[in-house]
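Dear colleague,

Please find below the structure that I am handing over to you. My notes on what was found in it follow directly after.

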Amino acid sequence: AIVSFNFFAPLVQGDGVSMGKLSPAQRLFVDVGGKAIQDLFHSHADFDVKMLFFFAIIHFFQTILTYGLGVPSGLFVPSLLAGASFGRML
């Protein structure tokens, strides 16, 4: 469910459907975790604040869901993405 949500989430802003037309904030949803973390920490691109806030909230709730599953799963990357996106908004 998380992966399918991340695939369709960039369409919320509605600017582009193809990968080449996505804004930097929309690309965060479809990039692999390491690429998204690198973009949040090192990219000089301007991120749309509303889409970045949406990304942060979604990954915050995905972190909560992952923690509450009770099975071994990745908790570090979703929490790092949520924190990095909240920090990027500042």
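Leucine 75 lies in the loop between α4 (49-68) and α5; helices and strands here are DSSP runs (H or I, at least four residues, for helices; E, at least two, for strands), numbered from the N terminus. The model is a predicted one, in which local features need pLDDT of at least 70 and side-chain atom pairs count only at pLDDT 80 or more, while totals for chains, interfaces and linings use all residues. Residues are numbered from 1 along each chain as its sequence is written, and side-chain values use heavy atoms, with hydrogens and water left out.

With a relative accessibility of 31%, leucine 75 counts as partly exposed (buried means under 20% relative accessible area, exposed over 50%, partly exposed in between, with a 1.4 Å probe and protein chains only). Leaving aside residues up to four places away in sequence, leucine 75 touches Thr63, Thr66 and Tyr67; a contact means heavy atoms within 4.5 Å. The C-alpha atoms of leucine 75 and isoleucine 64 are 8.9 Å apart, and the two residues are separated by 11 positions in sequence.

**Aromatic pairs**

How many aromatic pairs does the structure hold? There are two, where rings of Phe, Tyr and Trp (its six-membered ring) pair if their centres lie within 6.5 Å, and planes under 30 degrees apart count as stacked, over 60 as edge-to-face and the rest as tilted. Phenylalanine 53 and phenylalanine 86 form an edge-to-face pair, at 6.5 Å centre to centre and 75 degrees between the planes. This pair links distant parts of the chain, since phenylalanine 53 belongs to helix α4 and phenylalanine 86 to helix α5, 33 residues apart. Phenylalanine 53 is partly exposed at 43% relative accessibility, and phenylalanine 86 is partly exposed at 32%.

The rings of phenylalanine 60 and phenylalanine 61 are also edge-to-face, because their centres are 5.7 Å apart and their planes stand at 70 degrees. Phenylalanine 60 is partly exposed, at 41% relative accessibility.

**The chain as a whole**

The protein chain contains five helices and zero strands. Of its 90 residues, 33% are buried. Among contacts between residues at least 6 apart in sequence, 57% join residues at least 24 apart.

The average pLDDT (the predictor's confidence in each residue, from 0 to 100) is 75, and 74% of the residues score at least 70. Where pLDDT is low, the predicted coordinates should not be read in detail.

Yours sincerely
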